[in-house]
Amino acid sequence: MKVLIAGAQGQLGQELQRLCPSRIDCLPVGRAELDITSRAGVLECVRELQPQVIINTAAYTAVDGAEAKPDLAVEVNAEGTANLAMAAQCIGARVLHVSTDFVFDGAADTPYPSDHETRPLGVYGHSKLAGENRLQQILPLDSVVVRTAWLYSALGENFVKTMLRLMSEREQLRVVADQVGAPTWARGLAAVLWQLLDYPAAHGIYHWTDNGSCSWYEFACAIYAEGHKLGLLEREVQIDAITTEDHPTPAQRPCYSVLDCKKIHNLLGIGGENWRPQLAAMLGELARP
Ligand SMILES: NC(=O)c1ccc[n+]([C@@H]2O[C@H](COP(=O)([O-])OP(=O)(O)OC[C@H]3O[C@@H](n4cnc5c(N)ncnc54)[C@H](OP(=O)(O)O)[C@@H]3O)[C@@H](O)[C@H]2O)c1
């Protein structure tokens, strides 16, 4: 089976390539080869490569940047996704698409099921929701949306790597403690996306994160503790809990965005892993020479 990965140089795209099953003919295309905002370019690429499945990990992911560049966020996250969906429709391919917990407003206090009402707070969330909607309109039965959250990997830019850098440079850090979510290793999500190929009739919206939840502050403390244990960090760092009000950002973020993943657990017959051992596994990979 031929599978095209759009956004192949991003952190999830790279994890997908790393885990690609041997039975799959993997066609990774980065932005340089396939800019998803070009409708003609997408159609030409998809017609030429003839994949049975397209996995879309390409996205404009700068949450604060999107507030300053709303047109670009919509062009990539909504129109780009629609371009892939239309091209897939032309050749009869299926699309697996990745979306975000930021489609929710954070007013809940229990995990969001995939059919919960959406209400994004910022441009990024709006643009991602528009992408979900365009995809589902074009390919209602031949597409799967997998929403995820707080993604990190050894291979990309993310909160874990930023914290490790800051913790090696500073003696004191302030981290927001009143936003709660589920840190998720991109490796696990990549494995789930590959597993979804075994369920060709699956369609609609699913949620996938690692299990459990924490605040950014608790996440930072765990990165520090595990990083220390593994010898990635040497100096003592004081980590102070602050509020969202203490750290204003251009984009408003949901204060609670834990996703209920039971639907995908039931489909795939798996239970998922807790975020903390997943973090330790990723950091272990960084620590190995
Ligand atoms: N990171 C998170 O915490 C998080 C949380 C929830 C959901 N998600 C979703 O998970 C998916 C994967 O995210 P990620 O963390 O792997 O993101 P990432 O590391 O930022 O990768 C996204 C990739 O998309 C590429 N891209 C941007 N514009 C493009 C375009 N017009 N055409 C083709 N490629 C383009 C980027 O290329 P350049 O580097 O050249 O711009 C980058 O390689 C995204 O759908 C994201 O919305 C992420």
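Trainee: At what angle do α4 and α5 pack, and how are they oriented to each other?
Mentor: Keep in mind that this is a predicted model. Helix α5 covers residues 123–138, and its axis is 8 Å from that of α4, at an angle of about 15°. Angles under 35 degrees count as roughly parallel, so α4 and α5 are roughly parallel.

Trainee: Which residues of α5 does α4 meet?
Mentor: On the α4 side, the contact takes in P70, A73, V74, N77, A78, T81, A82, A85, M86 and Q89. The two helices pass in a right-handed crossing. Over in α5, the partners are V123, Y124, S127, K128, A130, G131, R134, L135 and I138.

Trainee: And what's the make-up of that contact by class?
Mentor: Two residues in the contact of α4 with α5 are charged and five are polar. The nonpolar ones number twelve.

Trainee: Moving to the sheet, in what order do the six strands run?
Mentor: The sheet is open, and the pairing is parallel. Its edge strands, each pairing on one side only, are β2 (25–29) and β10 (204–207). From one strand to the next the twist averages 20°. The order reads β2-β1-β3-β4-β5-β10.

Trainee: Which residue is the bridge partner of T100?
Mentor: Look at β4 and β5, the latter spanning residues 143–148. They pair in the parallel sense over six bridges. In β5, the partner of T100 is T148.

Trainee: Which strands does α4 touch, and what angle does its direction make with that of β4?
Mentor: α4 packs on the sheet, where it touches β1 (2–6), β3 (53–56), β4 and β5. Its direction makes an angle with that of β4 of about 165°.

Trainee: How many residues surround the ligand, and which are the closest?
Mentor: The elements giving two or more residues to the shell are α1 (11–19), α4 (70–91) and β4 (94–100). By class, the shell has eleven nonpolar, eleven polar and four charged residues. The total is 26, and the closest are G7, G10, L12, A58 and A59.

Trainee: α1 also packs on α7, so how is α1 oriented to that helix?
Mentor: Helix α7 runs over residues 186–195, and the axes of α1 and α7 are 8 Å apart at about 60°. The crossing is right-handed. That angle makes α1 and α7 oblique.

Trainee: Which residues of α7 meet α1?
Mentor: From α1, the residues are Q11, L12, E15, L16 and L19. By class, the contact of α1 with α7 divides into nine nonpolar, one polar and two charged. The α7 residues are A186, R187, L189, A190, A191, L193 and W194.

Trainee: Which residues of α10 does α8 meet?
Mentor: α8 brings A222, I223, E226 and G227. The contact of α8 with α10 divides into five nonpolar, one polar and two charged residues. On the α10 side, the residues are R276, L279, A280 and L283.

How values were computed:
Residues numbered from 1 in each chain as written. Predicted model: local features only at pLDDT ≥ 70, side-chain atom pairs only at ≥ 80, totals over all residues. Contact = placed C-beta atoms within 7 Å. Helix = DSSP H or I, 4+ residues; strand = E, 2+ residues; numbered from the N terminus. Nonpolar A, V, L, I, M, F, W, Y, C, P; charged D, E, K, R; others polar. Near = placed C-beta within 6 Å. Pairing = 2+ DSSP bridges. Axes fitted to C-alpha atoms, helices over the stretch in contact; angles between N-to-C directions. Parallel < 35°, antiparallel > 145°, perpendicular 65-115°, else oblique. Left-handed = near helix turned anticlockwise from the far one by under 90°.
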